[in-house]
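Work through the exercises below with the model open beside you. Try each task before reading its solution.

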Amino acid sequence: MSSNFTQNNSEDVLDLTLRPKTWDCYVGQDKTKNNVKIIIEAAKKRNDQVEHLLFYGNPGLGKTTLAYLVAQEIGADIKITSGPAIERAGDLAAILTNLEEGSVLFCDEIHRLSRTVEEYLYPAMEDFKLNLILGKGPMARVMEMDLPKFTLIGATTKLASISGPLRSRFGATFGLNFYSNEDIEQVLERSCKILNVKAEKNALKIIAEHSRFTPRIANHLLKRVRDFAQVKNENLITKEIIEDAFLNLEIDRLGLTQNDKRFLEALVVKFNGGPVGIQTLAAATAEEEATILDIYEPYLMRIGLIARTPQGRVATKMAFEYLGISSANLPKILF
Ligand SMILES: Nc1ncnc2c1ncn2[C@@H]1O[C@H](COP(=O)(O)OP(=O)(O)OP(=O)(O)O)[C@@H](O)[C@H]1O
Ligand SMILES: [Mg+2]
């Protein structure tokens, strides 16, 4: 999944270069890390295949990275696919029958699997069997195929879009949280070493504060700032260089993207700050409800610009201040 952040090929390469390859480099998410390790260790002791795992969370929080680490911990091969890539049952059959015994299959954007493909996936997940239907009408027969044992790791930014039956077939589900600014600073320190740049004391703190609590965004900002430093022939990232870079790149002081701003403006301007229901907001902004729930709201709530109430969504005083709109005439109940 790509984030709101524009991503080109060089950014993909950046992701790959900076992707942690050991648990020690994977900052934060301690609970998830510990629980995943326990599941793997227990399965190893029982000589069992590790259960299927589902990771969900906003783009760039580390789902793919975690999947690689899990495969490494299991000591197994990892094959990568994604929901939209598996169009037909035949595609799924080709992937599953070619897996090595004991390997990991990582399915990104698993919420985009079609219902038909999902139906085929259920017995594969439960019993490592695939029931293919050959032919049509009265001549149709079911062919049952044995599959190699495998661990499916699903990743999604939209947990709510995953059907109940599919969700229930995962042994464990883990949500990745936003990172603290301290954790992001740690990510940035490691990235500086890999990219061979130095940063002044406190400089990384500023980058962290603009990173939407997301490692991928932090790394992207670091790279942009590094470019600015290098143009000035400096190999040291200073506070001044960051401020200059952010000003030039129009990076928002709260880390909001244009899409976040549009959403917030709709809530503040069209609905006087709410309360307004999610469906109405979705219609007014021409966004899917799921996108609002999964992408916009978590961050805007985390930084205190909006809140959820039983009556609907409301913009906080801080949101009005941020947009430079007076909230003087609005009913007190909102704040
Ligand atoms: N816990 C972490 N510690 C250090 N770096 C991290 C961590 N999580 C993510 N990163 C950095 O962020 C980048 C993006 O992470 P990753 O690709 O795993 O995110 P994702 O959740 O799979 O995103 P998407 O939903 O867009 O697929 C990684 O390449 C890595 O550089
Ligand atoms: Mg990913």
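## Exercises on a predicted model

The model is predicted. The chain contains 14 helices and 11 strands. Its C-alpha trace spans about 70 × 50 × 35 Å along the principal axes.

**Exercise 1.** Find which residues touch the most other members of the largest nonpolar core.

*Solution.* Start with the core itself, which has 72 residues. Within it, Val-70, Ile-207, Leu-256, Leu-264 and Leu-305 touch the most other members. Now take Val-70 and set aside neighbours within four places in sequence. Its contacts are then Trp-23, Val-36, Ile-40, Leu-53, Phe-55 and Ile-153. Another core, of 27 residues, lies apart from the largest one. Leu-54, Leu-92, Leu-96 and Leu-99 are among its residues.

**Exercise 2.** Decide how helices α9 and α10 are oriented to each other: roughly parallel or roughly perpendicular?

*Solution.* Two values describe a packed helix pair: the angle between the axes and the distance between them. Locate α9 at residues 215-231 and α10 at residues 239-248. Their angle is about 110°, and their axes are 9 Å apart. Angles of 65 to 115 degrees count as roughly perpendicular. α9 and α10 are therefore roughly perpendicular to each other.

Next, list the residues that meet. From α9 come Leu-221, Val-225, Phe-228 and Ala-229. From α10 come Ile-241, Ile-242, Asp-244, Ala-245, Phe-246 and Asn-248. By class, this contact has eight nonpolar, one polar and one charged residues.

**Exercise 3.** Work out where the buried residues of α10 sit around its axis.

*Solution.* Pick out the buried residues of α10: Ile-241, Ile-242, Ala-245 and Phe-246. They cover an arc of only 125° around the axis, so they lie on the same side of α10. Then check the face turned away from that buried side. This face carries the exposed residues Glu-240, Leu-247 and Asn-248. Finally, ask what covers the buried residues of α10. The cover includes α8 (203-209), α9 and β9 (236-237).

Conventions: Residues are numbered from 1 along each chain as its sequence is written. Chains are lettered from A and ligands numbered from 1 in the order in which they are written. This is a predicted model: local features need pLDDT of at least 70, side-chain atom pairs count only at pLDDT 80 or more; totals for chains, interfaces and linings use all residues. Side-chain values use heavy atoms; hydrogens and water are left out. A nonpolar core is a set of buried Ala, Val, Leu, Ile, Met, Phe, Trp, Tyr and Cys residues joined through side-chain atoms within 4.5 Å. Buried means under 20% relative accessible area, exposed over 50%, partly exposed in between (1.4 Å probe, protein chains only). Contact means heavy atoms within 4.5 Å. Axes are lines fitted to C-alpha atoms, for helices over the stretch in contact, and angles run from 0 to 180 degrees between N-to-C directions. Helices (H or I, at least four residues) and strands (E, at least two) are DSSP runs, numbered from the N terminus. Angles under 35 degrees count as roughly parallel, over 145 as roughly antiparallel, 65 to 115 as roughly perpendicular and the rest as oblique. Ala, Val, Leu, Ile, Met, Phe, Trp, Tyr, Cys and Pro count as nonpolar, Asp, Glu, Lys and Arg as charged, and the others, Gly among them, as polar. The arc is that of the directions from the helix axis to the C-beta atoms.
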